[in-house]
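The following exercises ask the reader to examine a protein chain step by step. Each task is followed by a worked solution.

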Amino acid sequence: MRHAAHQAANNSRQYIRTSRSLFSSGSGAHSAKAVRMAQMTQSNGAVLGLDQAVVERLNEVAPQTRRALREAARAAERRSHILTSASLAALVGTAATAVALAGPDDIKGSILADTATTTTQLKRITTDVVSRSEDRAPLSALSDGAVADTVAASQETAASADTAQISSEGEWQATGDASQLDVNQMSRSLANNPQVAALMDQDYNVLPAGFNPNHATGDSGNAYSFSQCTWWVYVRRHELGLPVGSYMGNGNMWANSARALGYWVDNTPRHVGDIMVFAAGQAGADGYYGHVAIVEQINPDGSIVTSECGASMNGKTYSKTYTNPSDFQFIHY
């Protein structure tokens with residue numbers, strides 16, 4: 001009897017130790033040992049077989065460690081990525097199969113074809129035909145005949161407004177200051193030099209056929225000796241903004257040199273700044289070198305006033321009047 005009581009006490013102490021090991025705060029994981037101990041406790045020491053569904057349910061309800069939670073979250077994320085990739089692959093495969101099985105005509109008709117929309121007529125709405133009145137009669141208050149008359153009147157007004165503003169003959173009706181535009185004030189030349197362009201507009205009706213206003217000027221700087229007639233002509237032409245050559249030769253050679261470069265040369269003085277060319281010995285010019293001067297004024301009687309220079313003038317100029325300008329040659333531009 002004493003031996004049996006000793007055995008019962010030992011069994012009670014073993015049961016208490018088993019319960020403490022299962023439910024103590026230090027045990028965070030349900031290991032195989034803990035499961036066996038739980039089975040032994042429930043069956044007084046006997047090992048029982050549990051149904052798999054019951055085991056899984058117990059695992060779901062039982063508390064899990066942080067590591068187990070992290071691993072479960074990673075597994076769920078991997079499953080989501082796999083499902084997404086599979087869905088995208090299925091969609092791409094379906095589209096590729098449809099394109100591969102479709103013929104060129106099907107693709108052209110269903111995918112590439114885009115029917116163009118053409119606007120055949122744009123009708124402008126003017127403010128003259130749009131009603132801005134706040135008082136409008138409802139359509140229900142008008143008879144069918146009154147509505148038809150109103151629509152016809154509106155269309156007639158619109159047609160009249162269009163006809164008044166745009167002529168069917170294509171004519172442009174200019175009004176106001178635009179009708180007073182003087183086309184003679186517009187430049188008709190293509191000269192790069194603005195002074196030449198202005199003079200060409202004045203000479204438009206007498207310009208030589210095929211004249212090129214942008215011909216070579218021959219200008220590379222004043223290469224003439226100080227106080228010579230050629231030196232002064234070069235200086236004065238630059239003051240007036242007109243072209244002039246640097247190596248035109250002696251005074252009596254300037255007309256031919258200018259023609260060779262493309263200048264307009266004739267026997268008529270036309271503008272202030274024209275170069276007057278003297279032949280050798282003409283009108284008191286040097287018998288060998290000739291002479292050149294600048295036209296400063298053209299008088300109503302046809303005579304001209306010049307500015308001139310010479311070696312003896314030491315850079316100063318003098319003026320003379322000539323009543324027979326047609327006897328000389330003149331370089332214009």
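Predicted model: local features only at pLDDT ≥ 70, side-chain atom pairs only at ≥ 80, totals over all residues.

N314 lies in the loop that runs between β4 and β5.

**Exercise 1.** State whether N314 is buried or exposed, and describe its phi angle.

*Solution.* Step 1: the relative accessible area of N314 is 59%. Step 2: a residue counts as exposed when this value is over 50%, and N314 is therefore exposed. Step 3: the phi of N314 is near 55°, which is positive although the residue is not a glycine. Step 4: for comparison with the general rule, most residues other than glycine have a negative phi.

**Exercise 2.** Carry out the corresponding analysis for A283.

*Solution.* Step 1: A283 is placed in the loop between β2 and β3. Step 2: A283 is not a glycine, yet its phi is positive, at about 55°. Step 3: the relative accessibility of A283 is 45%.

## The chain as a whole

**Exercise 3.** Determine how many helices and strands the protein chain has, and what percentage of its residues count as buried.

*Solution.* Step 1: the protein chain contains 9 helices and 6 strands. Step 2: of its 333 residues, 23% count as buried. Step 3: contacts between residues at least 6 apart in sequence may also be examined; 57% of these join residues at least 24 apart.

**Exercise 4.** Decide whether α8 is mostly covered or mostly uncovered, and identify what covers its buried residues.

*Solution.* Step 1: α8 spans residues 229-239. Step 2: 8 of the 11 residues of α8 are buried, and the helix is mostly covered. Step 3: the buried residues are C229, T230, W231, W232, V233, Y234, R236 and R237. Step 4: the elements that cover them include α9, β2, β3, β4 and β6. Step 5: just after α8 comes G241, whose phi is positive, at about 75°.

**Exercise 5.** Describe the largest nonpolar core and find which element gives the most residues to it.

*Solution.* Step 1: the largest nonpolar core has 19 residues. Step 2: within this core, W254, I275, V277, V292 and I331 have the most contacts. Step 3: at least two core residues come from each of α8, α9, β2 and β3. Step 4: α8 makes the greatest contribution, with 5 residues.

## Aromatic pairs

**Exercise 6.** Classify the ring pair F226 and W231 and the ring pair F278 and Y322.

*Solution.* Step 1: the structure holds 9 aromatic pairs. Step 2: the ring centres of F226 and W231 are 4.8 Å apart, with 65° between the planes, and this pair is edge-to-face. Step 3: W231 has 17% relative accessibility and thus counts as buried. Step 4: for F278 and Y322 the centres are 5.6 Å apart and the planes stand at 65°; because an angle over 60 degrees counts as edge-to-face, this pair is edge-to-face. Step 5: F278 belongs to strand β2 and Y322 to strand β5, 44 residues apart, and the pair links distant parts of the chain. Step 6: both partners are buried, F278 with a relative accessible area of 1% and Y322 with 7%. Step 7: ring pairs also join F211, W264 and Y333 into a cluster.

## A pocket and its lining

**Exercise 7.** Describe the second largest pocket: what is its volume, and which residues lie nearest its centre?

*Solution.* Step 1: the volume of the second largest pocket is about 440 Å³. Step 2: its lining has 28 residues, and Q228, C229, T230, Y289 and G290 lie nearest the centre. Step 3: the lining of this pocket divides into 13 nonpolar, 12 polar and 3 charged residues. Step 4: α8 and β5 each supply at least two lining residues, and β5 gives the most, with 3.

Notes
Residues numbered from 1 in each chain as written. Heavy atoms only, no water. 1 Å grid on protein atoms, 1.4 Å probe; cavity = no way out; pocket = protein on both sides within 12 Å on 5 of 7 lines; lining within 4 Å. Points joined across faces, edges and corners; volume = space filled by probe spheres on them. Helix = DSSP H or I, 4+ residues; strand = E, 2+ residues; numbered from the N terminus. Nonpolar A, V, L, I, M, F, W, Y, C, P; charged D, E, K, R; others polar. Phe/Tyr/Trp six-rings, centres within 6.5 Å; stacked < 30°, edge-to-face > 60°. Buried < 20%, exposed > 50% of the residue type's maximum accessible area, 1.4 Å probe, protein only. Core = buried A, V, L, I, M, F, W, Y, C linked by side-chain atoms within 4.5 Å. Contact = heavy atoms within 4.5 Å.
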